[in-house]
Amino acid sequence: MSRHPLLRPRRLRRLAAFRQLVAESSLSPSDLIYPVFILEGEKAREPIHSMPGIERLSVDLLLEQLEEVVELGIPAVALFPVVGAEAKSELAEEAYRDDNLVSRAIGAIKARFPGLLVIADIALDPYTSHGQDGIMSDGVILNDETVAVLVRQALTCAKAGADIVAPSDMMDGRILAIREALESEGFSETAILAYSAKYASSFYGPFRDAVGSAANLGAADKKTYQMDPANSHEAIREVVLDLEEGADMVMVKPGLPYLAIVRRVKSELGVPTFAYHVSGEFAMLKAAATQGWLDYEATLMESLLCFKRAGADAILTYGAIDAARLLRAQGRGSAV
Ligand code: PBG
């Protein structure tokens, strides 16, 4: 039997002040992580056509952009290198060369902004001539051979000063191998953000354009190591394994279509849970906005708040700067 008119949920929606008072989730710049694409050279800047407003930048220009990131209160950036064809190879040796682009970028960022967290992606796809995240033989991605290279890559990034290494490759056992290597080499403070539930998704398309791995990958896919979008229990299992192996934080990726997974991880395990609002999700908002079909700012803010409602502690998003600017302009402190 309805209790109307005793119960009228609309009472609490009448004024903005009511809505703010009873809001269950909020978004702040401190929830955001800004992913950046870095280029060799100086004063180099390239637009990414499938990600309007996002550019590949050389490290000198990136440092200028990071002034604003820091000033807006965004606590972390995630680095993705654009590697030239001459530095790509079958065995991805460039991934662990001490003076590679990522190492130099990490050094420059930490020297200028010591308080900004730098997340180094651990995966071989920018460095392999075939665009896969691992070492390949006869069309098969070799797990343990790949893990050995990932360990070297993680140590190189830690040595360069990365605060967080983030294996995004989905090989089995890589978290334990990386954690043990970091401990034994004196990097016990280097945190691991494990891309634990990373799905074989078609929403990564624009990212592969941005880092230039799309052409190398060709028609191949990553379904033998990234997860099947049909699965949810398997995500919990992957997260549990990574936590047991020493992950400090875990990631679910992509974002919006996978918020059910974010919710399960947060509710069932209660660990620091990050989510990635990936390139294709960002591109969809931008493309629709360009047509005049969606309001980019409103749909971005709604999307990011939904990540928080689902239980995400932090969100990687290409809209981090836009969102942080909007939060500031709204003048409501940092909450949406
Ligand atoms: C690869 C990697 C990918 C992304 C981040 N790291 C793509 C892939 O797995 O092919 C995608 C991020 C995005 O789409 O924004 N290690």
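## Strand β12 and residue I315

I315 touches D31, L32, I33, A275, H277, L304 and F307, leaving aside residues up to four places away in sequence; two residues are in contact if their C-beta atoms, placed from the backbone, lie within 7 Å. I315 belongs to strand β12, helices (H or I, at least four residues) and strands (E, at least two) being DSSP runs numbered from the N terminus. I315 is buried, with 24 other C-beta atoms within 10 Å. A residue is buried if 20 or more other C-beta atoms lie within 10 Å of its own, exposed if 12 or fewer, and partly exposed in between, with C-beta atoms placed from the backbone. Between the C-alpha atoms of I315 and N216, which are 99 residues apart along the chain, the separation is 28 Å.

## Basis of the model

The model is predicted: local features need pLDDT of at least 70, side-chain atom pairs count only at pLDDT 80 or more, and totals for chains, interfaces and linings use all residues. Residues are numbered from 1 along each chain as its sequence is written.

## Overall architecture

The protein chain contains 12 helices and 12 strands. Its radius of gyration is 20 Å, close to the 20 Å that the globule rule gives for 336 residues, so the chain is as compact as a globular protein of that length. The radius is taken over C-alpha atoms, and the globule rule is 2.2 Å times the number of residues to the power 0.38.

Along the principal axes, the C-alpha atoms fill a box of roughly 70 × 45 × 40 Å. Of the 336 residues, 46% count as buried. Among contacts between residues at least 6 apart in sequence, 74% join residues at least 24 apart.

Helix α11 (residues 296–310) has 15 residues, which at 1.5 Å a residue should span 21 Å; its end C-alpha atoms are 21 Å apart, in agreement. The expected span is 1.5 Å times one less than the number of residues. Buried in α11 are L300, S303, L304, F307, K308 and A310. The cover over these residues includes α9 (259–269), β11 (273–277), α10 (279–290), β12 (314–317) and α12 (320–330). Just after α11, G311 takes a positive phi of about 115°.

Helix α2 (residues 59–71) shows a kink of about 25° centred on Q65, the bend at a residue being the angle between axes fitted to the seven residues ending there and the seven starting there. Its buried residues are V59, L62, L66 and V69. Elements covering them include β1 (32–39), β3 (55–58), β4 (76–81), α3 (101–112) and α12. G73 follows α2 with a positive phi near 90°.

## Ligand surroundings

Around the ligand are D121, A123, D125, D133, S168, Y204, F207, R208, K222, V278 and S279; a residue is near a molecule if its C-beta atom, placed from the backbone, lies within 6 Å of it. This shell divides into four nonpolar, two polar and five charged residues. Ala, Val, Leu, Ile, Met, Phe, Trp, Tyr, Cys and Pro count as nonpolar, Asp, Glu, Lys and Arg as charged, and the others, Gly among them, as polar.

## Backbone features

Cis peptide bonds join H4 to P5, with omega near 10°, and K253 to P254, with omega about -5°. P254 lies in the loop between β10 (249–253) and α9.

Two residues other than glycine have positive phi: D138, near 50°, and M170, near 70°. D138 is exposed, with 5 other C-beta atoms within 10 Å, whereas M170 is buried, with 25.
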